[in-house]
Structure formats: C-alpha cells, structure tokens
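Let's take a walk through this one together. Have the sequence and the fold side by side as you read.

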Amino acid sequence: MTQEQVWGAQADEAERRRWFDPTFKIMAVKVLPGEHYVSTAGQEMIVTVLGSCVAACVWEPRMKIGGMNHFMLPDSGSDAAPVDKAMRYGNHAMEELINDLLRRGARREALEIKVFGGGNVIASMNTGSTVPIGDRNAEFVRRYLNDEGLRIAAEDLGGQHPRRIHFFPRIGKVIRLFLKKDVERAVLNRELSYRSKLKDVPVEGDVELFT
C-alpha cells in the first residue's frame, strides 16, 4: 500500500467519526484507542477521551498542522519499567504519529508536543502490578520523548479522573476537561476492552523516526 493509500484510508475512517461541534462551532474528528490522526484541514478539532491511556498532541507551527494519538501499553505483569514488548508498542504509537507529520513536511526540531492522560481512574485497572497502569503509561511517554530529544511543551498526566482532550491543530491549542464521575465507568469499560485486545495483537516491528 502506498503512502497516499494509507492517508486515504485514514481519512475515510476519520470521516466516519466527523461531526460539527456546536459548542466550539468547528468540525471535529474523534480518535479512539490505538489510533492516530493528522489534520491538515485548517479549521478542524481533534477529540479523544482518556482514562489510563495517554494521548500526545503534536504540532508543527510553521506548517500549522498537527496530530494526536491515543495509546496504552500492554500489561507487562511486572512492577518494573515496561518490558521490551510493551516499550516497542508504545514506541510504535509515538513514531507512527511523528513520522506521519514528518512525511507531510513537518520539521522534527520544530515539533511542539503536549501529553495528557495516564489517570489512575479505577483500581481494577491495576491488575498484574502494584504500579498503576496510568502511571506506567505516563512514565513511558515522558521517558520516550526525553530519549528522543523531543521537548514536552506541556503535560497533564496522572490524577484520578478521566479527561476529554480538544486539540486545535491549526493553532496548536489544547483544551483539557475533567469528566464527571458518572462517565468513569464508560471510559473504564472501553479501556478494559482495548487492553484485553492488546494481549492478542502482535507487536509491530521496529519503527525508526525520520531524521
């Protein structure tokens, strides 16, 4: 599949999750767990809801384009730092987003990165380790960006509440909203379902960042 075909498939999938947001008066695209989306449309907002998962919002100010991912590490079953398999999965999620932007002309040194999520929403997510999955996801994204020499411009990680993230890629602005307690169960159920699927999904091969 060519890069143009990949972008076309991503656009088709995004189109099925596109709506006009009456609050912000702008077209919006929803990103689900395990996905990423890059916007070059100008007046468009990217939205996701996070519990223990993490989202990175990456913006290139010169081109005024940006993208968001949404990921969770597979359970390492250990209190230690994520094992190689989990790290490779997280690496893939970050590198797919960043490389997608670079292929569209973004400059690596100009990227502005903001990270969100990693909440310890409900204790039942913490199976297999005494280190909460939200904390492990947050620590991973901090370590990954540091190792790659990519600066975090802003972060809102940890805590105990789910978040809704609104990213405006034309201007690089992010609005974070904490969600009410009655929403936590829905977020938890979705992330538990996503997490169970990770056990059966083979980890992608190595991906390297473009230079």
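What follows goes from the sheet to the pocket and then to the cysteines.

Keep in mind that this is a predicted model. Start with the open sheet, which has 5 strands in the order β1-β2-β4-β9-β10, and the pairing is mixed. If you ignore direction, neighbouring strands here are turned by 30° against each other on average.

Now zoom in on the end of that order where β10 lies. Strand β9 (residues 163-168) and β10 run antiparallel, joined by 6 bridges. To find your place on the pair, look for Arg163, whose bridge partner in β10 is Phe178.

Next up is the largest pocket, with a volume of about 260 Å³. It is lined by 12 residues, and those closest to its centre are Gly34, Glu35, Tyr89, His92 and Glu96. Which helix gives the most to this lining? Helix α2 (residues 84-103) does, with 5 residues.

Last, the cysteines. A disulfide is a covalent bond between the sulfur atoms of two cysteines. How many turn up in a search of the whole structure? The count is 0 disulfides. Two cysteines are still worth a look for their surroundings. Buried means under 20% relative accessible area, so Cys53, at 0%, is buried. Cys57 counts as buried too, with a relative accessibility of 1%.

Technical notes: Residues numbered from 1 in each chain as written. Predicted model: local features only at pLDDT ≥ 70, side-chain atom pairs only at ≥ 80, totals over all residues. Heavy atoms only, no water. 1 Å grid on protein atoms, 1.4 Å probe; cavity = no way out; pocket = protein on both sides within 12 Å on 5 of 7 lines; lining within 4 Å. Points joined across faces, edges and corners; volume = space filled by probe spheres on them. Helix = DSSP H or I, 4+ residues; strand = E, 2+ residues; numbered from the N terminus. Disulfide = S-S within 2.5 Å. Buried < 20%, exposed > 50% of the residue type's maximum accessible area, 1.4 Å probe, protein only. Pairing = 2+ DSSP bridges. Axes fitted to C-alpha atoms, helices over the stretch in contact; angles between N-to-C directions.
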